[in-house]
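Hi everyone, thanks for coming. Please have a look at the structure on the screen, and I'll walk you through a few spots.

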Amino acid sequence: MDYLTVLGFGPKGWGLALLAGMAITLVVSLAALIIGSAVGSLVAWAKLSKNLAANIAGDAYTTIFRGVPELLIIYLFYFGGSAVVSGIAHMFGLEGFYDIPPFAAGALAVGLISGSYQGEVYRGAYIAIAKGELEAATAVGMNRGLKFRRIIVPQVLRFAIPGLGNTWQLTLKDSALVSVTGLVDLMRESAMAAGSTHRYMTFYLAAGALYLLLTSVSGYLFNAAEVRATRGLRRSN
Amino acid sequence: MSSNFGPDMTETIALDIKNIRKTFGTLEVLKGISLKANEGDVISILGASGSGKSTFLRCINLLETPDSGEVTVSGNTIKMRKNRKGQNEPADMKQVEHIRSELGMVFQGFNLWSHLTILENLIEAPVHVQKRPRAEVIPEAEAMLEKVGIADKRNFYPSHLSGGQQQRAAIARALCMRPKVMLFDEPTSALDPELVGEVLRVMRSLAEEGRTMLVVTHEMGFARDVSNRVMFLHKGLVECEGPPAELFGNPKSERFRQFISGH
Amino acid sequence: MDFNFLSSTFIRLMGALPLTLELWALAVFFGAFLALGLTWMRARKGRILPGLSRFYVFIFRGTPLLVQLFLIYYGLGSIKEVQQSFLWPFLREPFYCAVLALAMNTAAYASEIFRGALAAVPFGQVEAGIACGMSRLTVFRRIIFPIALRQALPAYSTEIILMTKATALASLVTLFEVTGVAQKIKNDTYRALEVYLVAGLIYLVLNFIIARAIAALEHYLSPHLRAIPASKRIPDPADVL
């Protein structure tokens, strides 16, 4: 069987399966990114706050989720979480192994990891907002809610785009590890294809190429977004 | 200050530069500049920005490579050749490195090495380029620090010193090389006005010692009172040159007259 | 809280720490040299060498480490020519495959860090060295390299700490470093939460120690970035009188 057939979309081809896997990878990564942005905003707020307990909590969060291997965190959420669920089921007399849906465990794990990086991005972006703009908003009579919505959020997003672009690429690559839970993403599909056809080189190269496609298109899009968002901003460089 | 005892005393000619030309892209910055400096000469090089004065100075120690012309330091002419693309290049890098070690350069931006203490800055080139023993260089370096007035800063880092102190350290660094000629590229232009004086004082004392100095500067006071020759460049050519009393007192060039009235 | 289980798990996991450290140290070591080579290539004139370097960085930063690891271990391992070559004794061993994958991965990130550090060396200080008559090699050795090294340390330290986390992937190619042993214990005892928490703690402490060590090195190397030490400060006459 030649390469075209085995990678193609015919009955013996894995092309469709790989693309399906790629779709799952994208969805998991997006879910993780969204979870991460919610968590990241909280973490940024905690670190910027004047409350010492909040500072410590924020620092602890970042330290833990940046200091422990991603693989271990995924194991913790999937196997650990499933063990908890199974334990609860056993308490009710049910037998067997109950697991947390791999998608949920994976998205949550990668999302919390992403949250620690996004926290740093938002924190840096907030600090970069010229204090003068915030003072002007107060002087004009904006209340806190209005200031947040109309001044802070748009500006933070503007400064955060480069950092977010980086974090997104990290999240995409981390999502490959979710395959250890059995989730059929791009990594798992290519592993299955490689194992069943014994064409390891072919399918891992195909996986690499597809991941490369995802990261480079993302990079291009984020660059374009940054250019658009910073038009009108005078850069020091 | 200059001595010309006879027609053939080439040893007293510290620097002999002939017809330097230099083009950057399409712009001809130096259109043929020559200069002869005897030992002990203190020559101020003046000119508007874009006149080529810094480029000229940098062609002397080959930080810029002239397109044509000849540089001779203490009788030693830098050998040049044409490379494959027809551009001028030094034929013998070892000769260039040796000649550079005999020329001391002081930069507008001081350029002290940030990872070394002041003392280490001073002994770096004498030890690693001139291969002199540390035991010999260190006392000399300390003496130079005394001379420029920052002996107490020997173990400090450049980032801990003011601009004026850094420039004086840079001068001391050049002095430690025992240079035959000192090249100053706008040494006070980057300094706050109140710090300019301390650097000019050091330069004046060097001139009074009889050192051979080429100084690209905007400081008219120095040019008039300390140097024994002034050279005014305009658009890549020597517009006028001579003793300061003559040039400042009775300027024959209209352009030079305009220049000094503006400064 | 089953302290017996926790402590026996801890001891078993600590027994796997040397393998983690070995993987980490070798990956960082070889990766640094590879990175220097990539940075050198990137700085050449012309199009081929810099182009190759940029391509390498693009590939290794744009794909997951897991893909790179499987490509080397399973992919290369399935090629007949490789199996018959002199490299086979190395490429059949998961340990060497893991070190290779980790090293090649970190080299891509490290070379970008080195490149940035070199670019940050103030050119004026380089010119000052040239003006003194230093040869190109001497300028590199005495001026460029020391300054670039200090520039690179903060970012590079982050990178080598990331490498400790990357070693966990070696467990997916049958190596029994800390994460691998943790999986084994979990499979034997089904006590996932406790095992993973202990393992996580070990990584946290390891990273803390490494971060502290590098911070000490940075401190030692940058007296020029700190304030003047109090002992050397000349007392203000107003204070003394």
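C:Lys45 sits in the loop between helix H1 (3–43) and helix H2 (48–62) of chain C; helices here are DSSP runs of H or I with at least four residues, strands are E runs of at least two, and both are numbered from the N terminus. This is a predicted model, where local features need pLDDT of at least 70, side-chain atom pairs count only at pLDDT 80 or more, and totals for chains, interfaces and linings use all residues. Residues are numbered from 1 along each chain as its sequence is written, chains are lettered from A and ligands numbered from 1 in the order in which they are written, and side-chain values use heavy atoms, with hydrogens and water left out.

Is C:Lys45 buried or exposed? It counts as exposed, because its relative accessibility is 82%. As for the cut-offs, buried means under 20% relative accessible area, exposed means over 50%, and partly exposed lies in between, with a 1.4 Å probe and protein chains only.

Now over to chain A. A:Tyr98 is in the loop between H4 and helix H5 (102–128) of chain A, and A:Tyr98 is partly exposed, at 32% relative accessible area.

Finally, two residues in chain B. B:Leu62 is not a glycine, yet has a positive phi of about 60 degrees. You'll find B:Leu62 in the loop between helix H1 (53–60) and strand E4 (68–73) of chain B, and B:Leu62 counts as buried at 6% relative accessibility. B:Phe110 also has a positive phi, near 60 degrees. B:Phe110 lies in the loop between strand E8 (103–106) and helix H3 (118–128) of chain B, and is buried with a relative accessible area of 11%.
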